[in-house]
Amino acid sequence: MASNNINPKCVSLRAKKIVVVDDHQYVLLAWAELFKKTQKAHTLVSIDYHPDTNPSFWLYAFQKAMAIDPDREASLVPIFQQKLMASIDPLDIKSVERVMEKMRNDEHINTAMNLGYLKNYHMINCMEKHQYETGHHYLVANENFGSLDDKMFKDAGFSVKSIEKEAYILDIDLDYFSSRESFQYQSEKSIVFKKLVLGASLITIARSVTYFDYLKKDDFSIAECEDNLITLIGKIIS
């Protein structure tokens, strides 16, 4: 297991807490800690290359069902999912930790919704736009991949007004950034991102190095990308 998952890197910038994990699903533990501390369900704003909104423990349940009886896959999958969810006490972080190895890196958002950590989410991503009964999905245009400018948010259809009265978490996956150009910050062109940073109750960052290395266009490392983003957040906060 990667070192920054169960014991993630934490950075505090003027009382703004930033938690960095290696695999995206492990941000769930930081969200659980926030819920336990505040007793409040938050809204999520997530910026990612992928839309990480698969059902809770779906892949684990599917693989187990197929191994037991492929003909009963449709009926067995929800049984295995429900059994895992029932083993979690939302206020007991250790009970969340115990099931994390069975969770994939695109199943944490709906798990957080099911546990009551989140009450809504806004998923801004580059790959596809889903339509679910809950949550909101925004598709980033090709020419805006990696951008944090206001144009990206506007073209995708996201407005910061949608969360103005909400307590929210800002979540960012580093695989969204394919080049160094993403961090050429101009405050007058990035008003939305500035507001998201300043208003967030918590900022979580996923390194997702396998996806980052596959998608990047420049010859730069995950460490450099992480440092650039944290530096940018620090610049905004200061």
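Which strands does helix α6 lie across, and at about what angle does α6 run to β4? I looked this up first, keeping in mind that this is a predicted model. Helix α6, residues 108–115, lies across β3 and β4, and its angle to β4 is about 165°. With over 145° counting as roughly antiparallel, I'd note α6 and β4 down that way.

Entry: I checked β4 (residues 118–125) for burial. Six of its eight residues are buried, so the rest of the structure largely encloses this strand.

**Entry: neighbours of β4.** On to the pairing. β4 pairs with strand β3 (residues 42–48) in the parallel sense, over seven bridges.

Entry: I then followed β3 to strand β6 (residues 168–173), and found parallel pairing over five bridges. One of these links Thr 43 to Tyr 168 in β6.

**Entry: whole sheet.** Next I wrote down the strand order. It reads β1-β2-β7-β6-β3-β4-β5, seven strands in an open sheet with mixed pairing. At the edges I have β1 (9–13) and β5; each has a single partner strand, so one side of each lacks a neighbour in the sheet. From one strand to the next, the twist averages 15°.

**Entry: another helix on the sheet.** I looked at helix α10 (residues 222–237) as well. α10 lies across β1, β2 (16–21), β6 and β7 (202–206), and I have it running at about 25° to β1.

**Entry: α6 and its helix partner.** How do the axes of α2 and α6 cross? Helix α2 covers residues 27–38, and its axis comes within 10 Å of that of α6, with a crossing of roughly 25°. Angles under 35 degrees count as roughly parallel, and the two helices are therefore roughly parallel to each other. I noted the crossing of α2 and α6 as right-handed.

Then the residues. From α2, I have Val 27, Leu 28 and Trp 31 meeting His 108, Ile 109, Thr 111 and Ala 112 of α6. I sorted this contact by type: five nonpolar residues, two polar and no charged.

Key
Residues numbered from 1 in each chain as written. Predicted model: local features only at pLDDT ≥ 70, side-chain atom pairs only at ≥ 80, totals over all residues. Heavy atoms only, no water. Buried < 20%, exposed > 50% of the residue type's maximum accessible area, 1.4 Å probe, protein only. Helix = DSSP H or I, 4+ residues; strand = E, 2+ residues; numbered from the N terminus. Pairing = 2+ DSSP bridges. Axes fitted to C-alpha atoms, helices over the stretch in contact; angles between N-to-C directions. Contact = heavy atoms within 4.5 Å. Parallel < 35°, antiparallel > 145°, perpendicular 65-115°, else oblique. Left-handed = near helix turned anticlockwise from the far one by under 90°. Nonpolar A, V, L, I, M, F, W, Y, C, P; charged D, E, K, R; others polar.
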